[in-house]
Amino acid sequence: MGEVQLQKGSKGLKLSDLLVTVLISVVLGVVYHFWSSVYSLLSPLFFQADELVYGMWFIASTLVFLLIRKPGVALIAEVAAAHVEVLFGSGWGIQLLIYSLFQGLAAELVFAAFRYRKFSAPVAGLAGFAAAVGSLLPDIFYGYVADYEPWMFIAKYSMRAVSSVVIAGFLAYSLAKAVEKTGVTSLLRPVESKDMAALDD
């Protein structure tokens, strides 16, 4: 998707934007909860194999932004989805919410760097990558990587980065594109012909 001009006065979040953001985040929070099973299935395959699907936990920030296209929704979506995961009984508790803040903020900063006007697959991939970097900071703070050998650290976070670009980036973009073509997003924001054309850029 190329650059799409936002209509004058359309940048601010409305109550409807927040409600839709939370609604989508609730759905993704449920996905997050059950994704733990997929994550666990890969763990025994090889060292840190579960990192290959880690990017799913960042998809709320990228997907919701691609659908709503408003400042702040990437951060709100990631935090909201984490809250739902906690309500479902995640053992991570407050720690999970801290992760969501770093992850959502990192993705938000990427969209902000493009002035919230770029909705392309590469930008979504970059936001997914940024969310992975955001998740690294709490990992370091909590000491989860303190005992890793350099090769272990590189292997773990390289797989997480790839997963984040593919799942939170390109998959989120593909999902947003599919939703766009149904016309559902016209309920979220005005869709003009140039918006539809931008989907193929």
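Ser163 sits in helix α6, where helices (H or I, at least four residues) and strands (E, at least two) are DSSP runs numbered from the N terminus. At 3% relative accessibility, Ser163 counts as buried, which here means under 20% relative accessible area, with exposed set at over 50% and partly exposed in between (1.4 Å probe, protein chains only). The model is a predicted one, in which local features need pLDDT of at least 70 and side-chain atom pairs count only at pLDDT 80 or more, while totals for chains, interfaces and linings use all residues. Residues are numbered from 1 along each chain as its sequence is written, and side-chain values use heavy atoms, with hydrogens and water left out.

Back to Ser163: leaving aside residues up to four places away in sequence, it touches Glu51, Leu52, Val53, Tyr54, Gly55 and Ala168, contact meaning heavy atoms within 4.5 Å. Gln48 belongs to the loop between α1 and α2. Gln48 is another buried residue, at 17% relative accessibility, and its contacts, again not counting residues up to four places away in sequence, are Tyr148, Lys156 and Met159.

Of the 201 residues in the chain, 49% are buried. Among contacts between residues at least 6 apart in sequence, 75% join residues at least 24 apart. The chain exposes about 9,700 Å², and carbon and sulfur atoms supply 72% of that; the areas come from the Shrake-Rupley method with a 1.4 Å probe, and for residues only the protein chains shown count as cover.

Helix α1 (residues 15-42) packs with helix α2 (residues 59-68) at an angle of about 145 degrees, their axes 10 Å apart. Axes are lines fitted to C-alpha atoms, for helices over the stretch in contact, and angles run from 0 to 180 degrees between N-to-C directions. From α1, the contact draws on Asp17, Val20, Thr21, Ile24, Ser25, Leu28 and Tyr32, and from α2 on Ile59, Ala60, Leu63, Val64, Leu67 and Ile68. Sorted by class, that makes 10 nonpolar, 2 polar and 1 charged residues, with Ala, Val, Leu, Ile, Met, Phe, Trp, Tyr, Cys and Pro taken as nonpolar, Asp, Glu, Lys and Arg as charged, and the others, Gly among them, as polar.

The largest nonpolar core holds 40 residues, and Ile59, Leu63, Phe65, Leu66 and Phe111 have the most contacts inside it. Such a core is a set of buried Ala, Val, Leu, Ile, Met, Phe, Trp, Tyr and Cys residues joined through side-chain atoms within 4.5 Å. Helix α2 gives the most to this core, with 8 residues. Phe65 touches Lys70, Val73, Ala74, Phe111, Tyr116, Lys118 and Phe119, not counting residues up to four places away in sequence.

Most residues other than glycine have a negative phi. Arg69, in the loop between α2 and α3, has a positive phi of about 60 degrees and is buried at 3% relative accessibility. Tyr116, in the loop between α4 and α5, also has a positive phi of about 60 degrees and is buried, with a relative accessible area of 14%.
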